[in-house]
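Thanks for coming. I have one structure to go through today, so please bring it up on your screens.

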Amino acid sequence: MSEKATFAGGCFWCMVKPFDQFDGIESVVSGYTGGHLANPSYEQVKSGHSGHLEAVEITFDPSVFPYEQLLEIFWQQIDPTDNDGQFQDRGASYRPAIFVHNEKQRELALASRKQLDESGRFDKPVITEIQPAEPFYPAEDYHQDFYMKNPEHYAQDRAESGRDEFLDSAWKKADA
């Protein structure tokens with residue numbers, strides 16, 4: 001039986017591909033969550049006045065791809081010490097968060113955040129929020145699967161964001 005997982009990690013364009021490549025992942029939808037405005041537009045969210053975060057909602061089969069693995073991937077896509085945005089994308093709508101859909105997800109998310117914080121991998125505390133899932137509003141069609149529909153724009157945006165340099169220094173070099 002399928003479950004949902006919802007993660008905010010800055011620009012949602014960069015949060016789809018890392019999850020979209022595994023058996024057991026049924027869909028990854030870009031959208032908005034956590035705010036007070038029903039059915040917000042991209043412009044409303046980007047303005048910072050809707051209260052929403054850019055996020056991805058993942059439908060997955062936990063018997064094939066467990067939630068714990070989703071959490072591992074999530075942490076390796078963000079700077080969990082920065083609550084003012086992610087990389088070049090600044091502001092409240094780009095801050096990282098985990099939106100949990102049930103008590104088991106909450107417990108697993110809290111445990112994984114604690115483990116990451118205690119790992120010593122980061123010089124600053126891991127402050128990514130964990131909160132109950134709220135209504136999720138899919139983003140406009142042109143935002144869906146952006147990395148596939150617009151590979152050159154996606155690659156350029158990602159290269160300019162500083163995301164990959166941070167992730168390389170935080171994860172790949174530290175694990176070498």
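I will take the sheet, then the aromatic pairs, then the pockets.

First, the ground rules. This is a predicted model, where local features need pLDDT of at least 70 and side-chain atom pairs count only at pLDDT 80 or more, while totals for chains, interfaces and linings use all residues. Residues are numbered from 1 along each chain as its sequence is written, and side-chain values use heavy atoms, with hydrogens and water left out.

Start with the sheet. Strands of a sheet pair through backbone hydrogen bonds, either parallel or antiparallel. Here there is an open sheet of six strands with mixed pairing, in the order β7-β6-β1-β3-β2-β8. Strands (E, at least two residues) and helices (H or I, at least four residues) are DSSP runs, numbered from the N terminus. Two strands count as paired if DSSP finds at least two bridges between them. At the edges are β7 (129-132) and β8 (136-138), each of which pairs on one side only. From one strand to the next, the twist averages 35 degrees; axes for this are lines fitted to C-alpha atoms, for helices over the stretch in contact, and angles run from 0 to 180 degrees between N-to-C directions.

Now the pairings one by one. Strand β1 (residues 3-8) runs antiparallel to β6 (residues 97-100), over three bridges. In that pairing F7 stands opposite I98, and A8 opposite A97. β1 also pairs with β3 (residues 53-60), again in the antiparallel sense, over five bridges. There, T6 has E57 as its bridge partner, and A5 stands opposite I58. Strand β2 (residues 25-33) and β3 are antiparallel as well, over eight bridges. V29 of this structure faces E57 in β3.

How much of β3 is buried? Eight of its eight residues are, where buried means under 20% relative accessible area, exposed over 50%, and partly exposed in between, with a 1.4 Å probe and protein chains only. Both faces are covered: L53, A55, E57 and T59 are buried on one side, and E54, V56, I58 and F60 on the other. From E26 it is 28 residues away in sequence and 20 Å away in space, C-alpha to C-alpha.

Next, the rings. A search of the whole structure gives 12 aromatic pairs. The rings are those of Phe, Tyr and Trp (its six-membered ring), and they pair if their centres lie within 6.5 Å; planes under 30 degrees apart count as stacked, over 60 as edge-to-face and the rest as tilted. W13 and F146 make a stacked pair, 3.6 Å centre to centre with 5 degrees between the planes. W13 is in helix α1 (residues 13-16) and F146 in helix α5 (residues 146-149), so the pair ties together parts that are 133 residues apart in sequence. Both partners are buried: W13 has a relative accessible area of 12%, and F146 has 5%. Elsewhere, ring pairs link F7, F19, F60, Y67, F74 and W75 into a cluster.

Last, the pockets. Rolling a probe the size of a water molecule over the atoms shows where empty space is left. On a 1 Å grid over the protein atoms alone, a pocket is an open set of points where a 1.4 Å probe fits, with protein on both sides within 12 Å along at least five of seven lines, and lining residues have an atom within 4 Å of a point. Points are joined across faces, edges and corners, and a volume is the space filled by probe spheres set on them.

What is the volume of the largest pocket? About 240 Å³. The elements giving two or more residues to its lining are α3 (67-75) and α4 (103-118). Its lining residues divide into five nonpolar, four polar and three charged. For those classes, Ala, Val, Leu, Ile, Met, Phe, Trp, Tyr, Cys and Pro are nonpolar, Asp, Glu, Lys and Arg charged, and the others, Gly among them, polar.

The second largest pocket has a volume of about 180 Å³. Helix α7 (residues 163-175) gives the largest share of its lining, five residues. By class, that lining has three nonpolar, two polar and four charged residues.
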